[in-house]
Amino acid sequence: MWVGPRARWVPVVVLIAVAIGAAGLTWLLTTIFEHKQEALAPFTQVVEVDDTTYDPAVWGQNFPRQYEGHLATSEMDETRTIAREATDDDPRTRVAVSKLENDARLVTMWQGYAFSEDYRMPRGHEYMLEDQQLTRRMTQFKQPGACLNCHASLPQILDSLGDGDREAGWAEMNKLPYNEAVEHAGGPIACIDCHAPETMELRITRPAFIEGIARYKENVEGIKGYDVNTDATRQEMRSYACAQCHVEYYFRGEEKTLTFPWTYGFTAEDAIQFYDEIGWTDFEHTLTGSNVIKAQHPDFETWSQGIHADNGVTCADCHMPYKREGAAKITDHQIASPMRDEASINGTCLTCHHSTAEEMSQRVDTIQERWQGSVDIAFDALDALIKDIEANQGSASPEDLTKARDFQRWASFLVDMNVSENSHGFHAPAYQIATLNQATDYARKGQLALRGIDVGPVSASGQN
């Protein structure tokens, strides 16, 4: 039987098609298998790390993706920084914009304290130690070693000062002068500060947080013997790890032990009640003689009063979101604002909110603009009170002057708890605006009290 040329090629074509299909299927199955293996073992151990491996670059050999993000904290927003000429005393060629130059009310509020001399916008974690060492608050004023709690990789300092005994190193670091304690710092925050080298699980390395959260759990929640490193859930640790540093604190006793004021809770009024009871004052205001409390960076306390905290959204969910690289699910270690670009908004806000990146950006802008309006009202009221007290110190009665100074103390702290917090009103909008309204009320009552007008009794917590 005769077979035409076309018929003779059909088996060959089919054979080739089957071979290509088989090869493609093999590649697909192999890729799936490799990705499954990658997901099961998301890192390859290249080097051994332990609790004395301080250099993040060594950890980065095992976790290159995370280390790449860590290095990205050196990226700077040019709208928040300015160029400068390097000098022998200050080698920086770029520094953050001065907040004092942008708002003179800050200088008035902190008159008599180091912050009235130098206070700038924050840069990335890569600069946390360098910027602290070179601020005029350090170079022109004596500060305790306790300041390093939030600005350096702590385990290395504690090991060095305590000869391997971190509890002893903590006690020594707090009381040492800053310029002596900083000699033991190897650099800014690193992998060892937040991760256990044996398991890579999140952990708390700051004694101040370990003690502070245990005191809060016992006094506020009735939980005794709380150990954050064994009792906290993984989701809680995704906020607690950040809260080791992004918090309000004071220096307790002659030893200058860095301590969190969490005996009554996390609110600004809880802190006022605590500080008033122990008689804590950061400085005496040079214009008014008021005993002022200086707020630090209460991001954790403020977040805890907001809707995101109420719904289990952690610091890491927004500032260190999960992302996919191949089959691996990793945490972004750049640690930056989720609003920095559209991709970041998509990877954070839009995992929960059914919206667009543009709509979310506008929503955040609106929240922050409203907050700024409340800041301006409260700040103007505080500024007016300070100027009134300064002008009337010779004419007001001692009793009226004392009451006015107390109102300044409380109003100043509430304003400070807002302007020293980094979310510009976003972490807890209703709470933050409420505290600013209370600050305005305190400032206006201080002006009335200064004129001998009865504003009613005031308790230790600042509540009428």
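## Exercises: two residues in a predicted model

K217 belongs to helix 12, which covers residues 207-221; helices (H or I, at least four residues) are DSSP runs numbered from the N terminus. We're working with a predicted model, where local features need pLDDT of at least 70, side-chain atom pairs count only at pLDDT 80 or more, and totals for chains, interfaces and linings use all residues. Residues are numbered from 1 along each chain as its sequence is written, and side-chain values use heavy atoms, leaving out hydrogens and water.

**Exercise 1.** Work out whether K217 is buried or exposed.

*Solution.* Start with the cut-offs: buried means under 20% relative accessible area, exposed over 50%, and partly exposed in between (1.4 Å probe, protein chains only). K217 has 7% relative accessibility, so K217 counts as buried.

**Exercise 2.** Find which residues K217 touches, not counting residues up to four places away in sequence.

*Solution.* First, contact means heavy atoms within 4.5 Å. Next, look around K217: G222, I223, Y226, E236 and Y240 turn up.

**Exercise 3.** State what share of the residues of the protein chain counts as buried.

*Solution.* The chain has 464 residues, and 47% of them count as buried.

Terms used:
Helices (H or I, at least four residues) and strands (E, at least two) are DSSP runs, numbered from the N terminus.
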